[in-house]
Amino acid sequence: MKTILNVIWLVLSGFWLFLAYMVAGVVLCITIIGIPFGIAAFRIGVYALWPFGYTTVERRDAGSPSCVGNVLWLVLAGWWLALGHITTGLVLCITIIGIPFGIANFKLIPVSLFPLGREIVPTDEPFATR
């Protein structure tokens with residue numbers, strides 16, 4: 001079932017979200033200061049490409065630089081991204097067929113608000129550590 005949902009998601013909105021996050025990641029990686037944020041944008045982009053069957057978990061070894069980076073991300077870009085995912089999720093939830101896709105947009109909100117110090121793992125193993 002998750003494969004079917006991922007393919008429909010890819011055709012309807014996942015590919016465009018992926019491209020947008022990849023472009024943002026490339027732009028952020030131009031400067032040395034933006035590299036951690038660019039890597040986070042790449043990670044969100046891959047998650048936005050195939051959201052069904054995956055979830056995000058906090059990394060316990062992230063530390064205080066991730067906290068400072070998350071605050072900067074939240075102020076500069078995170079809340080815009082979250083508003084976009086909330087709006088799109090609400091619009092998708094209007095129809096019965098769109099409810100799973102709306103929920104997928106809602107799943108992207110926490111990682112779009114605070115991307116640093118998070119890891120994307122399959123839903124089968126949300127507590128697995130590397």
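**Helix packing and a salt bridge**

One salt bridge is counted in this predicted model. The pair consists of Arg59 and Asp61, whose side chains meet at 3.2 Å, N to O. Side chains of opposite charge can pair when their charged atoms come close. The two partners fall into separate exposure classes: Asp61 has a relative accessible area of 57% and is exposed, while Arg59, at 38%, is partly exposed.

Helix 2, residues 35–49, takes part in two helix contacts, one with helix 1 and one with helix 4. The axis of helix 1 (residues 2–28) comes within 8 Å of that of helix 2, and the crossing angle is roughly 170°. Because angles over 145 degrees count as roughly antiparallel, helix 1 is roughly antiparallel to helix 2. On the helix 1 side, the contacting residues include Trp9, Phe15, Phe18, Tyr21 and Met22; on the helix 2 side, Ile35, Phe37, Ala41, Phe42 and Leu49 are among them. By class, this contact holds 18 nonpolar and four polar residues, with no charged residues.

The axes of helix 2 and helix 4 (residues 99–113) come within 11 Å and cross at roughly 175°. Helix 2 and helix 4 are therefore also roughly antiparallel. Here Ile44, Tyr47 and Ala48 of helix 2 meet Lys107, Leu108, Val111 and Ser112 of helix 4. The contact comprises five nonpolar residues, one polar and one charged.

Conventions: Residues are numbered from 1 along each chain as its sequence is written. This is a predicted model: local features need pLDDT of at least 70, side-chain atom pairs count only at pLDDT 80 or more; totals for chains, interfaces and linings use all residues. Side-chain values use heavy atoms; hydrogens and water are left out. Axes are lines fitted to C-alpha atoms, for helices over the stretch in contact, and angles run from 0 to 180 degrees between N-to-C directions. Helices (H or I, at least four residues) and strands (E, at least two) are DSSP runs, numbered from the N terminus. Angles under 35 degrees count as roughly parallel, over 145 as roughly antiparallel, 65 to 115 as roughly perpendicular and the rest as oblique. Contact means heavy atoms within 4.5 Å. Ala, Val, Leu, Ile, Met, Phe, Trp, Tyr, Cys and Pro count as nonpolar, Asp, Glu, Lys and Arg as charged, and the others, Gly among them, as polar. A salt bridge is a side-chain nitrogen of Lys or Arg within 4 Å of a carboxyl oxygen of Asp or Glu. Buried means under 20% relative accessible area, exposed over 50%, partly exposed in between (1.4 Å probe, protein chains only).
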